[in-house]
Amino acid sequence: MELARQTVKKSDFGRPLGMVRVLSGAMLWGISGNAAQYLFDIHKISAGWLTSVRMLTSGVLLLCIMQCGKDRRLIWDIWKSRQSAQSLLIFGLIGMIGAQYTYFEAVAAGNAATATLLQYLSPVLIMLYLTVRLRKKPSTVEISAIFTALLGVFFIATKGQIHHLSIAPSAFFWGLMAALGGAIYATQPGELLRKFGPGIVVGWGMVIGGAAMSCFYPPWRFHGQLTMQSVIGIVFVIVFGTLIAFYLYLSSLKYLQPIETSLLGCAEPLSAAVVSVVWMGVPFTLFDWIGAVCIVGTVMMLTLLKKNPAKNRMSGEE
């Protein structure tokens, strides 16, 4: 009886702790986008340079942390299989660069709030891909999600004015590319994640992607204004916006189900929007907020749909 009581207490404590961790990680990701915007707008640092430095540094640090854990043997085992090595290279060169570089370019061309919201369209792209691949008819919820996502994009891109694009075409393009990159990032390394864990896979992916980006944007060739403020901004993006945010998100999985972390992860675009308005002074209209609600609502709908697939089948929605 006493053991059962202790287990309940531990569970009751662990769940709020997990929620705090995933929310903190998501908010750090959102704030990191604004820190990057600050570096691009004020200190004229290039998106490509920041991407290569961020991925290389964060990847090396993440692998060092994994080296201290119980799965350190798997760090090098991932390269012993030709299949896993090839999959890892594809993830690093296409998935990682596709998600990281395009996002920073979207931030540089527009702002962190818009870039983060457009990137959050990736679950819709994943759903469309699986629908075509599996040749299944989309359910009512899935059709509603697509419509809601498109409505959100319309409001963000036009501010409600049908014949006018309110954001730079390059920002819109890179934002959609970030969504596509995020979809590849989330789906391509599935087998690797199950076998070696997210820490090792993402760590190596960052190192591979960062090394490839360094061929075009060498970390030792700095372009921009090097000041104390810019150094603090770069450190924040690497340490807090990448390494610590990723650790908080991963550690929350000890206490929460993946479905719950996905829902709570919606704090990222909302925090990015709030910080953009308060800190960066980005004008956010009523239509922007409506668009944000539409896109975040889409993610929540698709996440809840994954939680109850049997319910959809029972209601005849295949």
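This note sets out numbered points on the structure shown above.

1. The coordinates are a predicted model, in which local features need pLDDT of at least 70 and side-chain atom pairs count only at pLDDT 80 or more, while totals for chains, interfaces and linings use all residues. Residues are numbered from 1 along each chain as its sequence is written, and side-chain values use heavy atoms, with hydrogens and water left out.

2. Four salt bridges are found in the structure, a salt bridge being a side-chain nitrogen of Lys or Arg within 4 Å of a carboxyl oxygen of Asp or Glu. D77 is buried, with a relative accessible area of 16%, whereas R73 is exposed at 60% and K80 is exposed at 67%.

3. A further salt bridge joins E191 to R194, with the closest N and O atoms 3.2 Å apart. E191 and R194 are three residues apart in helix α9 (residues 190-196), and are therefore separated by about one helical turn; helices here are DSSP runs (H or I, at least four residues), numbered from the N terminus. In general, an α-helix has 3.6 residues a turn, so residues three or four places apart point the same way. Both E191 and R194 are exposed.

4. W76, W79, L89, I90, L93 and I94 make a nonpolar surface patch of about 570 Å². Patches are built from residues with over 30% relative accessible area and no salt bridge, with like charges joined within 9 Å and nonpolar side chains (Val, Leu, Ile, Met, Phe, Trp, Tyr) within 5 Å, and the accessible areas come from the Shrake-Rupley method with a 1.4 Å probe, only the protein chains shown counting as cover for residues. Helix α4 (residues 82-109) gives the most to this patch, with four residues. L89 is located in helix α4 and is partly exposed, at 37% relative accessibility.

5. S84 is also found in helix α4, but S84 is buried, with 7% relative accessibility. Leaving aside neighbours within four places in sequence, S84 is in contact (heavy atoms within 4.5 Å) with I78, L192 and F196. S84 and P283 are 199 residues apart in sequence, and their C-alpha atoms are 46 Å apart in space.

6. Helix α10 (residues 198-214) has 17 residues and reaches 23 Å from its first C-alpha to its last, which is close to the 24 Å expected at 1.5 Å a residue, the expected span being 1.5 Å times one less than the number of residues. This helix is mostly covered, since 15 of the 17 residues of α10 are buried.

7. If a disulfide is taken as a pair of cysteine sulfur atoms within 2.5 Å, the count comes to zero. For C294, the closest cysteine sulfur is that of C266, and the distance of 13 Å is too far for a bond. C294 is buried, at 11% relative accessible area, while C215 is exposed, at 64%.

Definitions and conventions. Helices (H or I, at least four residues) and strands (E, at least two) are DSSP runs, numbered from the N terminus. Buried means under 20% relative accessible area, exposed over 50%, partly exposed in between (1.4 Å probe, protein chains only).
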